[in-house]
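Please look at the strands, the surface and the side-chain contacts of the model shown below. The report that follows takes these topics in turn.

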Amino acid sequence: TLYGSDAVAGVINIITKKGKGKPRFNISSEGGTHRTFKETVSFSGSENKADFSLEESWFTTRGISAAKEGTEKDGYQNNLLSSRLGYKIFDNAELNFILRRTYSKTDLDDAAFTDDPNYTGWYRDLVTKLEFKQNLCPWFNYKLSANYFGVKRKYKDEEPGASDSQSWYKGDNRKFELQQNIIPNDWNT
């Protein structure tokens with residue numbers, strides 16, 4: 001009931017890392033089978049009352065065929081940008097801005113048994129959140145937030161000698177939320 005009727009089957013809670021300590025820069029790279037690579041660049045830290053975290057990653061794979069008897073590889077690419085900026089307004093209150101952007105491209109097949117080297121899907125989303133949090137006393141706190149989520153999906157099948165087939169979906173969601181927490185003891189919220 002805490003998350004409403006939209007969460008009957010479960011809730012995925014993505015928490016963007018909060019920057020802590022001295023500012024630091026990090027680069028990492030990974031590789032694997034099927035020409036799979038992931039590179040990540042991040043910068044995070046805190047200074048006085050402010051904290052920051054910024055990360056971008058790139059993931060690519062040549063993939064495998066999604067068709068059961070297929071031989072054509074279905075590749076995948078993904079670019080993710082994630083950031084969090086925070087500022088402690090008072091000792092008991094903070095303001096945070098969170099941004100997460102994803103862009104991906106994937107090769108698709110016609111069905112479970114048919115390769116299609118010309119069928120491609122694109123996915124793009126943007127999530128932003130501005131929140132104010134305050135602890136009024138040890139047993140009561142609240143959070144006021146404004147959220148935006150936008151998504152766009154596009155599918156295109158470029159058949160040689162035939163007309164192209166394409167479809168798309170675009171949607172967004174805006175949400176304003178006030179959450180109040182009463183904590184009577186350590187084991188109960």
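Tyr87 lies in strand E4, where strands (E, at least two residues) and helices (H or I, at least four) are DSSP runs numbered from the N terminus. This is a predicted model, in which local features need pLDDT of at least 70 and side-chain atom pairs count only at pLDDT 80 or more, while totals for chains, interfaces and linings use all residues. Residues are numbered from 1 along each chain as its sequence is written, and side-chain values use heavy atoms, with hydrogens and water left out.

With a relative accessible area of 45%, Tyr87 is partly exposed, a class that falls between buried (under 20% relative accessible area) and exposed (over 50%), as judged with a 1.4 Å probe and protein chains only. Together with Leu85, Leu95, Phe97 and Leu130, Tyr87 forms a nonpolar patch on the surface, with about 450 Å² of accessible area for the group. Such areas come from the Shrake-Rupley method with a 1.4 Å probe, and for residues only the protein chains shown count as cover. Patches are made of residues with over 30% relative accessible area and no salt bridge, nonpolar side chains (Val, Leu, Ile, Met, Phe, Trp, Tyr) being joined within 5 Å and like charges within 9 Å. Strands E4 (74–90) and E5 (93–107) each supply at least two residues of the nonpolar patch.

## Pairing of the strands

E4 pairs with E5 in the antiparallel sense over 14 bridges, two strands being counted as paired if DSSP finds at least two bridges between them. A hairpin joins E4 to E5 through two residues, and Asn79 stands opposite Tyr103 in E5.

E4 also pairs in the antiparallel sense with strand E3 (residues 50–64), over 13 bridges. Here Ser57 has Leu80, in E4, as its bridge partner.

## Salt bridges

Four salt bridges are found in a search of the whole structure, each requiring a side-chain nitrogen of Lys or Arg within 4 Å of a carboxyl oxygen of Asp or Glu. One of them joins Arg101 and Glu56, whose closest N and O atoms are 3.8 Å apart. Because Arg101 lies in strand E5 and Glu56 in strand E3, this pair ties together parts that are 45 residues apart in sequence. Both partners are partly exposed, Arg101 with a relative accessible area of 24% and Glu56 with 23% relative accessibility.

Glu131 and Lys129 also meet in a salt bridge, at 3.5 Å from N to O, and Glu131 is buried, with a relative accessible area of 5%. In the salt bridge between Asp172 and Arg174 the N to O distance is 3.0 Å; Asp172 counts as partly exposed at 42% relative accessibility, whereas Arg174 counts as exposed at 57%.

## Aromatic contacts

The structure holds four aromatic pairs, where rings of Phe, Tyr and Trp (its six-membered ring) pair if their centres lie within 6.5 Å, and planes under 30 degrees apart count as stacked, over 60 as edge-to-face and the rest as tilted. Among them is the tilted pair of Phe43 and Phe52, with 5.2 Å centre to centre and 40° between the planes. Phe43 is partly exposed, with a relative accessible area of 36%, whereas Phe52 is buried, at 18%.

The rings of Phe132 and Tyr142 also form a tilted pair, their centres being 6.1 Å apart and their planes at 50°. Phe132 belongs to strand E6 (residues 119–137) and Tyr142 to strand E7 (residues 140–157), so the pair ties together parts that are ten residues apart in sequence. Phe132 and Tyr142 are both buried.
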